[in-house]
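Visitor: I have a model open and want to learn how to read it. Where do we begin?

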Amino acid sequence: MVDVIKTIAVNKFNAATIASLQTDMIAIEMPVALIYNGISHVVMMATPKDLDYFAIGFSLTEGIIQSPNEIYGIEIQTSPKGIEVHIELSSRRFMALKEKRRNLTGRTGCGICGTEQIDEVCKLLPQLPLLAHISLVDFTDSLKYLKQVQIVGEQTGCTHAAVWLSLSGEFIAGFEDVGRHVALDKLLGYRAKQTNQQGIILVSSRASYEMVQKVASCGIEILLAVSAATSMAVDMAQQCNLTLVGFFRGEKGVIYNAKERLNG
């Protein structure tokens, strides 16, 4: 099992005083290579846990697969340099991947590193139906679930979280990672394996266009973000009819689009 936390020596300061040598804990960040049918496709920097769900979620949100059933197997191999996640795709999906294959190196907080053309940035998203409706009063205490899943973050202050909540506000699942995109991919990978996929997504980060794109591509109608939304995120939410909320604090927030899914 790969460690996810490391103890190091540090000096801390308060005002003008620098303390003597102490220990502190930091989150481990490692290069994770996703390898499809023997061919390396992408290297992302990630927290080395829940990588099977990450592989599924990334494959879904990148359009490499349309269903987890198109992945026949996942094998995780660890080395001192990083982690290789070997994914066995169906022949049809692998042939399609080879046609559009690109090389990119992902960095923490970056979702499009290595994209070759502007047209590749914004993907065509489905128009979301108006099937999901929630009462905001059911979500006033939802922020606690972000902390609940940030086990590494609680000790290091170094991770983002994404949680899946039912339409009535109950916790279903959640994942953390040093990268907000990776945390969301892990959650979407987990969700894709479940029979009942109703619910909404809450993330500890800002709502960038990549977060909107990932959520909408999986058919989720409501995204709550603790921080602000970017202009591209709002534009994309409007195009696909996603309910997008930023600065979510449980009892208050900013509704950027599609308020008709929300009741007070």
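Visitor: What should I know about the model itself?

Guide: It is a predicted model: local features need pLDDT of at least 70, side-chain atom pairs count only at pLDDT 80 or more, and totals for chains, interfaces and linings use all residues. Residues are numbered from 1 along each chain as its sequence is written, and side-chain values use heavy atoms, with hydrogens and water left out.

Visitor: How many residues of helix 6 are buried?

Guide: Take the cut-offs before the count. Buried means under 20% relative accessible area, exposed over 50%, and partly exposed in between (1.4 Å probe, protein chains only). In helix 6 (residues 209–217), eight of nine residues are buried. Just after the helix, Gly 219 takes a positive phi of about 80°.

Visitor: Next, the sheet. In what order do its strands lie?

Guide: Strands of a sheet pair through backbone hydrogen bonds, either parallel or antiparallel. The cut-off: two strands pair if DSSP finds at least two bridges between them. Here six strands form an open sheet, ordered 12-11-13-14-15-16, with mixed pairing. Strand 12 (171–177) and strand 16 (254–257) are the edges, each pairing on one side only. Neighbouring strands are turned by 20° against each other on average, direction ignored. Axes are lines fitted to C-alpha atoms, for helices over the stretch in contact, and angles run from 0 to 180 degrees between N-to-C directions.

Visitor: How do strand 14 and strand 15 run?

Guide: Parallel. Three bridges join strand 14 (residues 222–225) to strand 15 (residues 243–246). Ile 222 stands opposite Thr 243. Helix 7 (residues 231–240) lies across strand 15 and strand 16, at about 55° to strand 16.

Visitor: Which residues touch the most other members of the largest nonpolar core?

Guide: In soluble globular proteins, nonpolar side chains tend to be buried together. A nonpolar core is a set of buried Ala, Val, Leu, Ile, Met, Phe, Trp, Tyr and Cys residues joined through side-chain atoms within 4.5 Å. The largest one has 30 residues. Leu 184, Ile 201, Val 203, Val 212, Leu 223, Leu 242 and Leu 244 touch the most other members. Strand 11 (160–165), strand 12, helix 5, strand 13, helix 6, strand 14 and helix 7 each supply at least two residues. Apart from this core lies another, of 25 residues, including Leu 34, Val 42, Phe 54 and Ile 83.

Visitor: What is Leu 244 in contact with?

Guide: Leave aside neighbours within four places in sequence. The contacts of Leu 244 then include Val 212, Leu 223, Ala 233, Val 254 and Tyr 256.

Visitor: How many aromatic pairs are there?

Guide: Six, from a search of the whole structure. Rings of Phe, Tyr and Trp (its six-membered ring) pair if their centres lie within 6.5 Å; planes under 30 degrees apart count as stacked, over 60 as edge-to-face and the rest as tilted. Tyr 53 and Phe 175 are edge-to-face: 5.5 Å centre to centre, 65° between the planes. This pair links helix 1 (residues 51–61) to strand 12, 122 residues apart. Phe 175 and Tyr 190 are tilted, at 5.7 Å and 55°. Tyr 190 lies in helix 5 (residues 180–192), so this pair ties together parts that are 15 residues apart in sequence. Ring pairs link Tyr 53, Trp 164, Phe 175 and Tyr 190 into a cluster.

Visitor: Why does Tyr 53 count as partly exposed?

Guide: Because its relative accessibility is 24%. Phe 175, at 7%, counts as buried.

Visitor: Is Glu 70 buried or exposed?

Guide: Buried, with a relative accessible area of 11%. Glu 70 sits in the loop between helix 1 and strand 7 (71–79). A polar contact of 3.4 Å joins its side chain to that of Arg 92. Such a contact is a pair of N or O atoms within 3.5 Å; within protein, one must be able to donate a hydrogen and the other to accept it, and residues adjacent in sequence count only if both atoms are side-chain atoms.

Methods:
Helices (H or I, at least four residues) and strands (E, at least two) are DSSP runs, numbered from the N terminus. Contact means heavy atoms within 4.5 Å.
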